[in-house]
Amino acid sequence: MSNIPENVEDTLKLLGLGNYVSDRSLATAVHLSLQLGRPLFLEGEAGVGKTEIAKVLSETLGRKLVRLQCYEGLDVASAVYEWNYSSQMIEIRMAEAEGVKDRDQLGNDIFSDKFLIRRPLLQALEPSDGGAPVLLIDELDRTDEAFEAYLLEVLSDFQITIPEIGTVKAAETPIVIITSNRTREIHDALKRRCFYYWVDYPDAERELEILAIKAPQANEELSRQVVEFVQRLRAMDLFKVPGIAETIDWASALHQLDIIELTPDAIEDTLGVLLKYQDDIAKIRGSEAAKILDEVKSEIATAQLASG
Amino acid sequence: MSEKAIPNEARPALDARARLDKLDNVEDVDAGKIATNIMHFARVLRSAGLPVGPGKVIEGIKAVETIGIDNREDFYWALHAVFVNRRDQREIFDQAFHIFWRNPKLLERMASLVLPSFVDPEAQQQAEEMNRRLAEALKQNPPDTPGEGEGNGEEEDPDITVDAVMTWSANEVLQETDFEKMSSEELEAAKRAIARMRLPIMEVPTRRFKRDSGGRRIDMRNTLRAAMRGGGASIPLQFRKRKRRHPPLVVLCDISGSMSRYSRMVLHFMHAITNDRDRVHTFLFGTRLTNVTRQLRNKDVDEALDKVGEAVDDWSGGTRIGHSLHDFNTNWSRRVLGQGAVVLFISDGLDRDAADGLEREIERLHMSCRRLIWLNPLLRYDRYEPKSLGARALLPHVDEFRSIHNLDNLEQLSEVLTKPALDKGFGHNPWQEAAE
């Protein structure tokens, strides 16, 4: 049951506690969002660790994580609430059998808390142990504009109106993290209510730190080669460059295959972990991969000479 | 926790005050001025085209109170989190920040000259001279300068960066174009044509439902409500069915020299269709790719076309279809084709680069969209056969090929697009045979 960090330094430590290697800039945005109670809007390519931030926050702050995975056609029934129709039907039958004549009474019975199925958005407004939950609205760009517009009310006032019951308002503002892969632009009206942060690919040094935590089984030499190789791929003209998730997967895969050093053959066998489009694989496979590997090795050698 | 919340909230603000009091000789910033300076900074950003309203200024001040100003980096990222809300605004923010917080007055003086919103033609000459010097001065600073040189794709990027804007004077001479104003009869005719037009695009079922007495699914929620109205004695079933909706439409239009006699027509068409329905994205390309969706959203067609004329630099020049498609595939395809878009590709298939790399790019485009329709206005003769290198590369990868023999008005254009598809199957295409 830890409290919200008081300054950027503490926020950085907090993320570190959850094994999340963060830039100070990201920590600043997270800190602002926690302190001022506004949603944090994270945009970036797939596999740079956007979703992870919400998970880490929920873990380190000891809050419940409520996740809303977005998809096209997401509607109120699956995002906010739904009535439990079969139970309601039974209730009506029972009332009928007992000969209840009072319509208002029956209406109140049918549309009461008992028959309400709470979906993520409504759950996030409810008080829970250890403080308000972390609400993760994942891949918002996958839903349509109609749902985005609905979110406006929820995210600015943290309240939801259910016609049969009334308005539900959050006693304590939940911590809201919204992520987007930018498969379409999110409307400015929504972004305006949030703190914005573009999550970029990390630099070599930071990526190495991440590998040390997320794939500790891979030895240091291999990790360095993997990171340098991936960094070079990112500078190339590929349809989809590998994210951090791919780097971690690759390092683990190489370790599983008992490879302690990158070789052209090893790359050839495992390239599918790193690149997910056939064009990209065809472009890199073979001589190109060998060339990059040579560059990587000579770079590491020079760096070691310089430091040693 | 609630008892502690109040002192917690109040503290950073007090801290910031206390720190500010100590810092009166640091740069130009002191306690009384910080809020004013943030306001001025916001104004500079607004004039540079960032959507920064008064609400944001207040937020910016709150954010700085929370963060404090003893760490320049935190200060930077706090303002960044508030003022920036798209990736392409980062460059402008970054440069504005570095100049403003070193010397606010300098930037205010320069803002009108440097930043993209500048449109005063009288001062342009003066501006042109300033630009190069400023560009050099600024180039020493930006941490993340985009790659330089011709044709590496950075300049074509529709994201506005200060760098790109300021170097126009040194670049190749690019053409702007004027369009004849549209007469009101033409306008009426165009509207009618568009209203009649039915693109050969199937409507797709969505996952949303609407009430429909002829629907096949039971709408439980309304059924129960109806039951309550009757006191629960009977349960009259209510029905619903899936809503159907057009998939998004992406128009990629060639505006090179060989297409120039059609460009006005096609732009009118694009304007009409952009305003007629939602989820339309429009791009123009000649030697480079430009996203003109925002310009074409302007309701007035003449005004919209003027803006397009300003935004696009490569009217009636050469065509580099492969290059432009590559640009589209890397920078835009994930953003605009995400929801199963239909792509309407308008081009005559004549390519300056002799179809270099074109086949690979059109294949990639074809695989990323729901349906790829190629509209070719070159075919002025009935016996035309697509023999050019570009056309040969394109043909195997389109779902549908439409040609137009004499494009004089929008009616013809919409008529061609309304006709049912030649071949609905994915197997044999008559036009592919012609290309071999």
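1. Helix 2 of chain A goes past helix 4 of chain B in a right-handed crossing (right-handed if the near helix is turned clockwise from the far one by less than a right angle, left-handed if anticlockwise). Helices here are DSSP runs of H or I with at least four residues, strands are E runs of at least two, and both are numbered from the N terminus. This is a predicted model, where local features need pLDDT of at least 70, side-chain atom pairs count only at pLDDT 80 or more, and totals for chains, interfaces and linings use all residues. Residues are numbered from 1 along each chain as its sequence is written, with chains lettered from A and ligands numbered from 1 in the order in which they are written.

2. On the geometry of that pair: helix 2 (residues 24–36) of chain A packs against helix 4 of chain B at about 60°, axes 9 Å apart. The axes are lines fitted to C-alpha atoms, for helices over the stretch in contact, and angles run from 0 to 180 degrees between N-to-C directions. The two helices are therefore oblique to each other (under 35 degrees is roughly parallel, over 145 roughly antiparallel, 65 to 115 roughly perpendicular, and the rest oblique).

3. Which residues of helix 2 of chain A meet helix 4 of chain B? They are R24(A), S25(A), T28(A), A29(A) and L32(A), and the partners in helix 4 of chain B are E73(B), D74(B), W77(B), A78(B) and A81(B). Contact means C-beta atoms, placed from the backbone, within 7 Å.

4. Now the whole interface: 39 residues of chain A and 34 residues of chain B take part in the contact. On the chain B side, helix 4 gives the most, with six residues.

5. The largest nonpolar core has 105 residues, and L40(A), I177(A), F195(A), Y197(A), A78(B) and A81(B) have the most contacts inside it. Such a core is a set of buried Ala, Val, Leu, Ile, Met, Phe, Trp, Tyr and Cys residues joined through C-beta atoms within 7 Å. Helix 4 (residues 72–83) of chain B supplies the largest share of this core, seven residues. Apart from it there is another core of 53 residues, including C253(B), F269(B), F285(B) and L325(B). Back in the 105-residue core, Y197(A) touches L26(A), A29(A), L40(A), L42(A) and A81(B), leaving aside residues up to four places away in sequence.

6. Is A27(A) buried or exposed? A27(A), found in helix 2 of chain A, is buried, with 24 other C-beta atoms within 10 Å (buried takes 20 or more, exposed 12 or fewer, partly exposed lies in between). Residues touching A27(A) include V8(A), T11(A) and L12(A).

7. Q256(A), by contrast, is exposed, with 11 other C-beta atoms within 10 Å. It sits in helix 12 (residues 244–256) of chain A, and its C-alpha atom is 33 Å from that of A27(A). Helix 12 of chain A crosses helix 13 (residues 264–274) of chain A at roughly 140°, the axes coming within 9 Å. This crossing is right-handed too.

8. As for chain B overall, there are 18 helices and nine strands. Buried residues make up 34% of its 436 residues.

Note on methods
Contact = placed C-beta atoms within 7 Å.
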